[in-house]
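Load the model in your viewer and keep the sequence panel open.

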Amino acid sequence: MLDHPAVALRLVVAHAITGSGLWQVRPEPQRAANETVTASLAGCKAEAAFGKKRREVLALLGSPDEDSLVAGGNGDAVAIAGVFARLLALCDDDVMRVLTLVMAETLAAGSAVVEALGNHLNVDMGIWWQPDDAFFDLLRDKEIANSMLADVGGKLVADGNVAEKVKTQKNIIRDFLAGENGRPWVETWLPRWMKFPAESYTSRSGSAPPISGHKCSRCSCANSRSGPERRFSRLPPLRSRAPLRATPAAD
(Lines give C-alpha, C1' and ligand atoms only; values in the text may rest on other atoms or scores of the structure.)
Protein backbone atom coordinates (compact mmCIF):
# COMPACT_ATOMS: atom_id res chain seq x y z
CA MET A 1 0.00 0.00 0.00
CA LEU A 2 2.90 2.37 0.68
CA ASP A 3 3.55 2.57 -3.04
CA HIS A 4 -0.09 3.41 -3.83
CA PRO A 5 -0.98 6.75 -2.18
CA ALA A 6 -4.17 7.17 -4.22
CA VAL A 7 -5.45 3.85 -2.86
CA ALA A 8 -4.38 4.83 0.67
CA LEU A 9 -6.30 8.10 0.33
CA ARG A 10 -9.47 6.21 -0.53
CA LEU A 11 -8.91 3.88 2.40
CA VAL A 12 -8.50 6.85 4.74
CA VAL A 13 -11.76 8.37 3.50
CA ALA A 14 -13.55 5.02 3.90
CA HIS A 15 -12.31 4.76 7.49
CA ALA A 16 -13.39 8.32 8.25
CA ILE A 17 -16.87 7.56 6.90
CA THR A 18 -17.56 4.17 8.48
CA GLY A 19 -15.06 3.84 11.31
CA SER A 20 -13.30 0.63 12.25
CA GLY A 21 -11.91 -1.17 15.27
CA LEU A 22 -9.12 1.44 15.31
CA TRP A 23 -10.87 4.49 13.82
CA GLN A 24 -13.68 6.50 15.34
CA VAL A 25 -14.65 9.78 13.69
CA ARG A 26 -17.79 11.44 15.04
CA PRO A 27 -19.92 14.06 13.29
CA GLU A 28 -20.26 17.40 15.05
CA PRO A 29 -23.49 16.96 17.10
CA GLN A 30 -24.65 20.50 16.27
CA ARG A 31 -27.00 20.92 19.19
CA ALA A 32 -28.35 24.41 19.71
CA ALA A 33 -29.26 25.85 23.10
CA ASN A 34 -32.99 25.94 22.41
CA GLU A 35 -35.62 25.28 19.77
CA THR A 36 -35.65 28.90 18.57
CA VAL A 37 -31.98 28.77 17.64
CA THR A 38 -32.39 25.32 16.11
CA ALA A 39 -35.20 26.58 13.88
CA SER A 40 -33.22 29.67 12.89
CA LEU A 41 -30.21 27.64 11.86
CA ALA A 42 -32.27 25.00 10.07
CA GLY A 43 -33.68 27.67 7.79
CA CYS A 44 -30.48 29.54 7.08
CA LYS A 45 -28.83 29.89 3.69
CA ALA A 46 -25.74 27.96 4.72
CA GLU A 47 -27.82 24.95 5.76
CA ALA A 48 -29.46 24.76 2.35
CA ALA A 49 -26.11 25.01 0.57
CA PHE A 50 -24.53 22.36 2.79
CA GLY A 51 -27.47 20.03 2.33
CA LYS A 52 -27.10 20.26 -1.43
CA LYS A 53 -23.40 19.37 -1.24
CA ARG A 54 -24.17 16.45 1.08
CA ARG A 55 -26.77 15.02 -1.28
CA GLU A 56 -24.26 15.21 -4.13
CA VAL A 57 -21.72 13.26 -2.10
CA LEU A 58 -24.28 10.68 -1.02
CA ALA A 59 -25.11 10.17 -4.69
CA LEU A 60 -21.43 9.63 -5.49
CA LEU A 61 -21.34 6.96 -2.80
CA GLY A 62 -24.49 5.30 -4.05
CA SER A 63 -26.42 5.89 -0.85
CA PRO A 64 -30.20 5.61 -1.25
CA ASP A 65 -30.79 7.84 1.79
CA GLU A 66 -30.59 11.51 0.81
CA ASP A 67 -31.05 12.71 4.38
CA SER A 68 -28.37 10.70 6.17
CA LEU A 69 -25.02 11.97 7.32
CA VAL A 70 -22.00 10.76 5.39
CA ALA A 71 -19.71 10.27 8.40
CA GLY A 72 -20.53 8.58 11.68
CA GLY A 73 -20.55 4.88 10.92
CA ASN A 74 -20.32 2.17 13.58
CA GLY A 75 -17.14 0.46 12.37
CA ASP A 76 -18.89 -2.31 10.48
CA ALA A 77 -16.26 -4.23 8.49
CA VAL A 78 -18.59 -5.00 5.60
CA ALA A 79 -19.64 -1.36 5.37
CA ILE A 80 -16.07 -0.11 5.19
CA ALA A 81 -15.26 -2.59 2.43
CA GLY A 82 -18.28 -1.41 0.46
CA VAL A 83 -17.39 2.26 0.83
CA PHE A 84 -13.78 1.53 -0.10
CA ALA A 85 -14.90 -0.27 -3.25
CA ARG A 86 -17.10 2.65 -4.18
CA LEU A 87 -14.27 5.13 -3.69
CA LEU A 88 -11.91 3.05 -5.84
CA ALA A 89 -14.33 3.58 -8.73
CA LEU A 90 -14.33 7.37 -8.31
CA CYS A 91 -11.88 9.80 -9.87
CA ASP A 92 -9.54 11.78 -7.61
CA ASP A 93 -11.63 14.96 -7.86
CA ASP A 94 -14.76 13.15 -6.66
CA VAL A 95 -12.84 11.47 -3.83
CA MET A 96 -11.69 14.91 -2.71
CA ARG A 97 -15.29 16.11 -2.77
CA VAL A 98 -16.23 13.24 -0.45
CA LEU A 99 -13.26 13.93 1.81
CA THR A 100 -14.10 17.64 2.02
CA LEU A 101 -17.71 16.92 3.00
CA VAL A 102 -16.65 14.40 5.66
CA MET A 103 -14.20 16.90 7.14
CA ALA A 104 -16.92 19.56 7.21
CA GLU A 105 -19.36 17.20 8.97
CA THR A 106 -16.77 16.31 11.61
CA LEU A 107 -15.28 19.76 12.21
CA ALA A 108 -15.70 20.65 15.90
CA ALA A 109 -17.89 23.74 16.25
CA GLY A 110 -16.42 26.41 18.47
CA SER A 111 -12.90 25.09 18.20
CA ALA A 112 -9.76 27.10 17.55
CA VAL A 113 -9.42 25.37 14.20
CA VAL A 114 -12.70 26.96 13.05
CA GLU A 115 -11.13 30.37 13.70
CA ALA A 116 -7.94 29.34 11.91
CA LEU A 117 -9.86 27.97 8.93
CA GLY A 118 -12.16 30.98 8.65
CA ASN A 119 -9.21 33.35 8.74
CA HIS A 120 -7.29 31.31 6.16
CA LEU A 121 -10.26 31.17 3.78
CA ASN A 122 -11.21 34.80 4.47
CA VAL A 123 -14.82 33.77 5.13
CA ASP A 124 -17.42 36.52 4.87
CA MET A 125 -20.14 35.46 7.31
CA GLY A 126 -22.41 38.20 5.99
CA ILE A 127 -23.00 36.11 2.88
CA TRP A 128 -24.41 33.27 4.94
CA TRP A 129 -26.07 34.84 7.97
CA GLN A 130 -27.83 38.00 9.08
CA PRO A 131 -29.25 38.78 12.55
CA ASP A 132 -32.76 37.42 12.99
CA ASP A 133 -35.37 37.04 15.74
CA ALA A 134 -33.42 34.24 17.41
CA PHE A 135 -30.33 36.41 17.65
CA PHE A 136 -32.13 39.41 19.12
CA ASP A 137 -34.13 37.27 21.55
CA LEU A 138 -30.84 36.12 23.05
CA LEU A 139 -29.22 39.55 23.23
CA ARG A 140 -29.72 40.76 26.83
CA ASP A 141 -26.54 42.66 27.65
CA LYS A 142 -27.18 46.42 27.74
CA GLU A 143 -23.57 47.48 27.14
CA ILE A 144 -23.21 45.20 24.15
CA ALA A 145 -26.57 46.27 22.72
CA ASN A 146 -25.48 49.90 22.89
CA SER A 147 -22.18 49.10 21.17
CA MET A 148 -24.10 47.31 18.43
CA LEU A 149 -26.36 50.32 18.09
CA ALA A 150 -23.28 52.47 17.57
CA ASP A 151 -22.16 50.07 14.85
CA VAL A 152 -25.35 50.37 12.85
CA GLY A 153 -26.62 53.83 13.75
CA GLY A 154 -23.55 55.78 14.76
CA LYS A 155 -22.21 57.10 18.06
CA LEU A 156 -24.72 59.97 18.26
CA VAL A 157 -27.68 57.60 18.14
CA ALA A 158 -26.06 55.18 20.57
CA ASP A 159 -25.17 57.92 23.08
CA GLY A 160 -28.70 59.29 22.87
CA ASN A 161 -30.14 55.90 23.82
CA VAL A 162 -27.50 54.65 26.24
CA ALA A 163 -29.92 54.82 29.19
CA GLU A 164 -32.71 53.02 27.37
CA LYS A 165 -33.68 49.44 28.10
CA VAL A 166 -32.06 46.66 26.14
CA LYS A 167 -35.37 45.98 24.40
CA THR A 168 -35.60 49.56 23.16
CA GLN A 169 -32.04 49.56 21.86
CA LYS A 170 -32.59 46.24 20.11
CA ASN A 171 -35.69 47.62 18.42
CA ILE A 172 -33.72 50.59 17.13
CA ILE A 173 -31.04 48.28 15.75
CA ARG A 174 -33.72 46.29 13.98
CA ASP A 175 -35.20 49.48 12.57
CA PHE A 176 -31.84 50.30 10.99
CA LEU A 177 -31.47 46.80 9.57
CA ALA A 178 -34.97 46.96 8.07
CA GLY A 179 -34.93 50.64 7.13
CA GLU A 180 -38.10 51.27 9.12
CA ASN A 181 -39.48 53.98 11.43
CA GLY A 182 -37.47 56.69 9.73
CA ARG A 183 -34.11 54.94 10.15
CA PRO A 184 -31.78 54.73 7.13
CA TRP A 185 -31.40 51.19 5.88
CA VAL A 186 -28.23 49.36 6.84
CA GLU A 187 -28.07 46.61 4.25
CA THR A 188 -25.54 44.28 5.84
CA TRP A 189 -24.25 44.13 9.39
CA LEU A 190 -22.55 41.48 11.48
CA PRO A 191 -21.81 41.42 15.22
CA ARG A 192 -18.09 41.92 15.65
CA TRP A 193 -17.50 38.41 17.00
CA MET A 194 -19.08 36.93 13.87
CA LYS A 195 -16.27 38.29 11.73
CA PHE A 196 -13.03 36.59 10.76
CA PRO A 197 -10.90 37.52 12.60
CA ALA A 198 -13.29 37.99 15.52
CA GLU A 199 -13.46 41.30 17.37
CA SER A 200 -14.85 42.13 20.81
CA TYR A 201 -17.31 44.62 22.26
CA THR A 202 -16.00 44.64 25.82
CA SER A 203 -12.83 43.70 27.65
CA ARG A 204 -14.69 41.82 30.37
CA SER A 205 -15.57 38.78 28.25
CA GLY A 206 -12.71 38.34 25.85
CA SER A 207 -13.52 38.15 22.18
CA ALA A 208 -17.03 36.76 22.52
CA PRO A 209 -19.26 38.77 24.89
CA PRO A 210 -22.10 36.86 26.54
CA ILE A 211 -25.46 36.58 24.86
CA SER A 212 -27.81 34.73 27.16
CA GLY A 213 -28.52 31.17 26.09
CA HIS A 214 -26.72 31.50 22.80
CA LYS A 215 -24.82 28.29 22.17
CA CYS A 216 -24.54 27.84 18.45
CA SER A 217 -21.65 27.50 16.07
CA ARG A 218 -20.21 30.29 13.98
CA CYS A 219 -20.63 27.89 11.79
CA SER A 220 -21.88 26.37 11.92
CA CYS A 221 -20.30 26.97 10.24
CA ALA A 222 -19.50 28.45 12.01
CA ASN A 223 -18.53 27.34 13.20
CA SER A 224 -19.02 27.92 17.79
CA ARG A 225 -22.31 27.40 19.69
CA SER A 226 -20.16 31.39 28.89
CA GLY A 227 -20.22 33.76 25.96
CA PRO A 228 -21.73 32.84 22.73
CA GLU A 229 -19.62 30.48 20.87
CA ARG A 230 -19.32 32.83 18.11
CA ARG A 231 -19.83 31.34 14.75
CA PHE A 232 -22.87 30.39 12.74
CA SER A 233 -21.37 27.89 10.33
CA ARG A 234 -23.36 25.22 8.62
CA LEU A 235 -25.62 23.96 11.36
CA PRO A 236 -28.29 21.61 10.08
CA PRO A 237 -30.92 20.16 12.41
CA LEU A 238 -30.24 16.76 13.89
CA ARG A 239 -30.74 14.04 11.34
CA SER A 240 -30.56 10.32 10.96
CA ARG A 241 -27.36 8.93 12.42
CA ALA A 242 -27.68 5.60 10.62
CA PRO A 243 -24.29 4.50 9.31
CA LEU A 244 -23.78 4.95 5.60
CA ARG A 245 -23.71 1.77 3.59
CA ALA A 246 -22.50 2.63 0.14
CA THR A 247 -23.62 0.56 -2.81
CA PRO A 248 -20.56 -0.93 -4.51
CA ALA A 249 -20.01 0.38 -8.00
CA ALA A 250 -21.08 -1.86 -10.83
CA ASP A 251 -18.37 -3.67 -12.73
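**Whole chain**

Start with a cartoon of everything. This is a predicted model. The chain has ten helices and zero strands, so the pattern read along the sequence is written α-α-α-α-α-α-α-α-α-α. Colour by accessible area next: of the 251 residues in the chain, 44% are buried.

**H1 against H5**

Two packed helices are described by the angle between their axes and the distance between the axes. Select residues 5–18, which are helix H1, and residues 92–105, which are helix H5. Their axes come within 10 Å and cross at roughly 30°. Angles under 35 degrees count as roughly parallel, and H1 and H5 are therefore roughly parallel to each other. The crossing in which H1 passes H5 is left-handed. To see the contact, show side chains for Leu9, Arg10, Val13, Ala16 and Ile17 on H1, and for Asp92, Val95, Met96, Val98, Leu99 and Val102 on H5. Sorted by class, the contact of H1 with H5 holds nine nonpolar residues, two charged ones and no polar ones.

**H1 against H4**

What angle do the axes of H1 and H4 make where they cross? They cross at roughly 140° and come within 9 Å. Roughly antiparallel would need an angle over 145 degrees; H1 and H4 are therefore oblique to each other. The crossing of H1 and H4 is right-handed. On the H1 side, select Val7, Arg10, Leu11, Val13, Ala14, His15, Ile17 and Thr18. These meet Ala79, Ile80, Val83, Phe84, Leu87 and Leu88 in H4. The contact of H1 with H4 has eleven nonpolar, two polar and one charged residues.

**H8 against H10**

Now move to helix H8, residues 142–153, and helix H10, residues 166–178. Their axes come within 9 Å and cross at roughly 25°. That makes H8 roughly parallel to H10. This crossing is left-handed. From H8, display Lys142, Ala145, Asn146, Met148, Leu149, Val152 and Gly153. Their partners in H10 are Val166, Gln169, Ile172, Ile173, Phe176 and Leu177. Nine residues of the contact of H8 with H10 are nonpolar, three are polar and one is charged.

**The two cores**

In soluble globular proteins, nonpolar side chains tend to be buried together. Stay at H8 and H10 for this stop. Which residues of the largest nonpolar core touch the most other members? Select Met148, Leu149, Val152 and Trp189: of the 24 residues in this core, these four touch the most other members. At least two core residues come from each of helix H7 (133–138), H8, helix H9 (155–160) and H10. Leaving out residues up to four places away in sequence, Val152 touches Ile173, Phe176, Leu177, Val186 and Trp189. A second, separate core has 19 residues. To find this second core, select some of its members, including Ala14, Phe50, Leu60 and Ile80.

**Leu61**

Is Leu61 buried or exposed? Leu61 is buried, with a relative accessible area of 0%. Draw a distance from the C-alpha atom of Leu61 to that of Phe84: the separation is 9.7 Å, for residues 23 apart along the chain.

**Backbone details**

- Asn122: look in the loop between helix H6 (112–121) and H7. Phi is positive at Asn122, about 55°, although Asn122 is not a glycine. The residue is exposed, with a relative accessible area of 61%.
- Asn181: go to the segment after H10. Asn181, which is not a glycine, has a positive phi of about 55°. Asn181 is exposed, with a relative accessible area of 65%.
- Phe196 and Pro197: select the peptide bond that joins them, which is cis, with omega of about -5°. Pro197 is in the segment after H10.

Note on methods:
Residues are numbered from 1 along each chain as its sequence is written. This is a predicted model: local features need pLDDT of at least 70, side-chain atom pairs count only at pLDDT 80 or more; totals for chains, interfaces and linings use all residues. Side-chain values use heavy atoms; hydrogens and water are left out. Axes are lines fitted to C-alpha atoms, for helices over the stretch in contact, and angles run from 0 to 180 degrees between N-to-C directions. Helices (H or I, at least four residues) and strands (E, at least two) are DSSP runs, numbered from the N terminus. Angles under 35 degrees count as roughly parallel, over 145 as roughly antiparallel, 65 to 115 as roughly perpendicular and the rest as oblique. A crossing is left-handed if the near helix is turned anticlockwise from the far one by less than a right angle, and right-handed if clockwise. Contact means heavy atoms within 4.5 Å. Ala, Val, Leu, Ile, Met, Phe, Trp, Tyr, Cys and Pro count as nonpolar, Asp, Glu, Lys and Arg as charged, and the others, Gly among them, as polar. A nonpolar core is a set of buried Ala, Val, Leu, Ile, Met, Phe, Trp, Tyr and Cys residues joined through side-chain atoms within 4.5 Å. Buried means under 20% relative accessible area, exposed over 50%, partly exposed in between (1.4 Å probe, protein chains only).
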